[in-house]
Amino acid sequence: MLSLVALIWRRILRKRWVLGVVFGLSLIYFLVSTLKQEERTVRDRTLLQSQDHEQPIMWRVRFNLGNSSRPSNRCRNSVQGKLLITDDLGYICERKELLANGCCNTNAASSKLYSCESCLTNGCCSIYEYCVSCCLQPNKQLLLERFLNRAAAGFQNLFLAVEDHFELCLAKCRTSSQSVQHENTYRNPIAKYCYGENPPELLPL
């Protein structure tokens with residue numbers, strides 16, 4: 001019985017009109033799928049454009065609040081530095097001068113406020129902790145606001161999550177895709193930590 005059914009099915013498939021129907025249905029399915037995909041693409045593009053023009057990004061960054069959101073006797077700091085640490089007041093110090101409350105000992109000879117010691121005029125620094133300290137200068141607020149307002153979509157998810165000036169500087173000074181070329185080479189291996197609006201200057205090979 002099964003062999004008879006199989007024989008009949010093979011004979012049907014050999015007929016040209018059956019093959020034509022199968023081809024036609026496949027073509028219709030392809031065209032409908034392509035049309036739906038194109039409609040979704042146009043809809044998504046229109047939605048993004050309307051958001052860009054009608055709904056400005058609501059950045060959460062707070063400036064010049066004197067770190068009022070933290071206990072007055074404690075500091076957040078850049079944590080990972082082996083030799084240097086920057087706290088959220090803008091002080092940079094040697095790790096050994098870090099107090100138990102997370103703040104730099106401001107009386108230590110190594111402690112400096114808003115230091116840009118390893119930074120270039122374009123806002124790129126050779127040492128991460130100096131980048132954060134320099135970025136925390138109150139006069140950098142306008143520069144950082146301009147960067148946020150012009151941030152590309154790829155950066156928005158990162159910077160929308162930060163709460164204040166200190167967190168923004170921590171995130172901004174980390175190396176990113178802006179700091180590299182060809183995905184594996186630093187644009188400027190000497191000054192790769194940047195708080196400025198532009199990527200590091202591309203050094204000649």
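I looked for aromatic pairs and counted one, taking rings of Phe, Tyr and Trp (its six-membered ring) as paired if their centres lie within 6.5 Å, with planes under 30 degrees apart called stacked, over 60 edge-to-face and the rest tilted. The pair is Tyr128 with Tyr193: the ring centres are 5.9 Å apart and the planes stand at 65°, so it is edge-to-face. Tyr128 is in helix α3 (residues 128-135) and Tyr193 in strand β7 (residues 193-194), so the pair ties together parts 65 residues apart in sequence. I took helices (H or I, at least four residues) and strands (E, at least two) as DSSP runs, numbered from the N terminus.

Before going on, I noted that this is a predicted model, in which local features need pLDDT of at least 70 and side-chain atom pairs pLDDT 80 or more, while totals for chains, interfaces and linings use all residues. Residues are numbered from 1 along each chain as its sequence is written, and side-chain values use heavy atoms, leaving out hydrogens and water.

Are the two tyrosines buried or exposed? Tyr128 is buried at 6% relative accessibility, and Tyr193 is buried at 19%. Here buried means under 20% relative accessible area, exposed over 50%, and partly exposed in between (1.4 Å probe, protein chains only).

**Helix α6**

I turned to Lys172, which lies in helix α6 (residues 165-173). Lys172 is buried, with a relative accessible area of 7%. What does its side chain reach? A polar atom of the Lys172 side chain is 2.7 Å from the backbone oxygen of Gly196. I count a polar contact as a pair of N or O atoms within 3.5 Å; within protein, one must be able to donate a hydrogen and the other to accept it, and residues adjacent in sequence count only if both atoms are side-chain atoms. The charged end of Lys172 also sits over the ring of Phe147, 4.2 Å from the ring centre (the rule: NZ of Lys or CZ of Arg within 6 Å of the centre and within 35 degrees of the ring normal).

Eight of the nine residues of α6 are buried, so the helix is largely enclosed by the rest of the structure. Among them are His165, Phe166 and Lys172.

**The core**

Beyond its neighbours within four places in sequence, Val132 is in contact (heavy atoms within 4.5 Å) with Thr86, Phe166, Cys169, Leu170 and Cys173.

Strands β1 (residues 84-86) and β2 (residues 91-94) run antiparallel and are joined by three bridges; strands pair if DSSP finds at least two. Ile85 has Cys93 in β2 as its bridge partner.

In the loop between β1 and β2 I checked two residues. Asp87 is found in this loop and counts as buried at 0% relative accessibility. Its side chain reaches the backbone nitrogen of Cys104 at 2.9 Å.
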